[in-house]
Amino acid sequence: MSDLFPVRLEAARATRRGRTLVGPVDLELDGAGTTVVIGPNGAGKTTFLRMLHGTARLGGGRIRWNCTTEEARHHQCFVFQQPVMLRRTVMQNLIYPLRMRGMSRGEAEDRARRWAARVGLGSMLTRQAPVLSGGERQKLALARAMITEPKLLFLDEPCASLDGRAMREIEEILQEARAGGMRLILSTHDMGQARRLADEVLFLLHGWLHDRGAGPEFFTQPATPQARAFLNGDIVE
Ligand SMILES: Nc1ncnc2c1ncn2[C@@H]1O[C@H](COP(=O)(O)OP(=O)(O)OP(=O)(O)O)[C@@H](O)[C@H]1O
């Protein structure tokens, strides 16, 4: 299997009913670290992630992975802001993607136990997923995505419904995954989280990639006045 990266977006546009929601975007992303996508409400962060993942309609331009699109999709997972759960137990939710990939039940259950413990759901394996709290569901969604060891993980506002402690736990898991070589692309409204996690920042505004920078520098020296205003907490129009 060739690596997924670099991935190149060439005038890529996400459209819906003839309307451009994001783009055109020209961008090359390489294969290491964490890219954090920020921007005001409605700027297009979710749509941008979905366009890269292949679940938002590409209305123009191209996205070229360093392998076939099929291979690239096979090695990536997406954690949605409102995770969709099977109406089954935590254990069944965790083993499902592994069983789909042909893993034996015993091996899948072992791995599910390890991951449940890792995200703090070790005592909830027999609980029905729909009765979990928002934060627990978010952790289950993360574990269910990471359990398949994707090379690339998209996360849309992964900590939106979490308290401080849960957020720290999730960030630790993400940092570990990154250290282990998993490529992360995530959106967040939380600038503290963006600073803690970002190797690279993409700033979107009105569907445009407005600014881009390496993590630490972006936060101290954003290139555009709009990004500066956004980081200052001003209203950006
Ligand atoms: N399915 C859809 N149909 C029509 N318009 C859509 C659809 N999904 C998103 N949009 C529009 O596309 C634009 C970008 O939305 P998107 O959810 O990607 O932004 P966002 O930056 O993730 O927003 P937020 O921070 O509020 O989650 C918005 O104007 C939104 O209303």
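1. Of the contacts in the protein with a separation of 6 or more, 67% are between residues 24 or more positions apart. The model is a predicted one, and its secondary structure comprises nine helices and nine strands.

2. Overall dimensions. Along the principal axes, the C-alpha atoms of the protein fill a box of roughly 55 × 40 × 35 Å. A compact globule with 237 residues would have a radius of gyration near 18 Å, and the value for the protein, 18 Å, agrees with this. Buried residues account for 40% of the 237 residues.

3. The ligand shell. Which residues surround the ligand? They are Arg16, Leu21, Gly39, Asn41, Gly42, Ala43, Gly44, Lys45, Thr46 and Thr47. Sorted by class, this shell holds six polar, two nonpolar and two charged residues. Helix α1 (residues 45–53) gives the most to the shell, contributing three residues.

4. Helix α5, span and burial. The 13 residues of α5 reach 18 Å from the first C-alpha to the last, close to the 18 Å expected at 1.5 Å a residue. The helix is mostly covered, with 11 of its 13 residues buried. The buried residues include charged side chains by name, among them Glu136, Arg137, Lys139 and Arg144. Also buried in α5 are Gln138, Leu140, Ala141, Leu142, Ala143, Ala145 and Met146.

5. Helix α5, surroundings. What do the buried residues of α5 pack against? Their partners are the strands β5 (76–79) and β6 (152–156), together with the helices α3 (90–100), α4 (105–118) and α6.

6. Helix α6, span. Helix α6 covers residues 164–179.

7. Met167, Ile170 and Leu174 are the buried residues of α6. Viewed down the helix axis, these buried residues fall within an arc of 65 degrees, and therefore line one face of α6. On the face turned away from the buried side, α6 carries the exposed residues Arg165, Glu172, Glu176 and Ala179.

8. After α6 comes Gly181, which has a positive phi, near 105 degrees.

9. Val25 and its contacts. Val25 is placed in strand β2 (residues 19–29). Is this residue buried or exposed? Val25 counts as buried because it has 22 C-beta neighbours inside 10 Å, where the cut-off is 20 or more. Setting aside neighbours within four places in sequence, its contacts are Leu9, Ala12 and Leu209. Ala12 lies 13 residues from Val25 along the chain, yet their C-alpha atoms are separated by 5.0 Å.

10. Cis peptide bonds. The bond from Phe5 to Pro6 is cis, with omega near 0 degrees, and Pro6 lies in the segment before β1 (7–16). Gly23 and Pro24 are likewise joined by a cis peptide bond, with omega about 5 degrees. Pro24 belongs to strand β2, the strand that also holds Val25.

11. Positive phi at Ala11. Ala11, found in strand β1, has a positive phi of about 50 degrees although it is not a glycine. Ala11 counts as exposed because it has 11 C-beta neighbours inside 10 Å, against a limit of 12 or fewer.

12. Positive phi at Arg17. Arg17 sits in the loop between β1 and β2. Its phi is near 45 degrees, a positive value in a residue other than glycine. With 7 other C-beta atoms within 10 Å, Arg17 is exposed.

Note on methods:
Residues numbered from 1 in each chain as written. Predicted model: local features only at pLDDT ≥ 70, side-chain atom pairs only at ≥ 80, totals over all residues. Near = placed C-beta within 6 Å. Helix = DSSP H or I, 4+ residues; strand = E, 2+ residues; numbered from the N terminus. Expected span 1.5 Å × (residues − 1). Arc of directions from axis to C-beta. Contact = placed C-beta atoms within 7 Å. Rg over C-alpha atoms; globule rule 2.2 N^0.38 Å.
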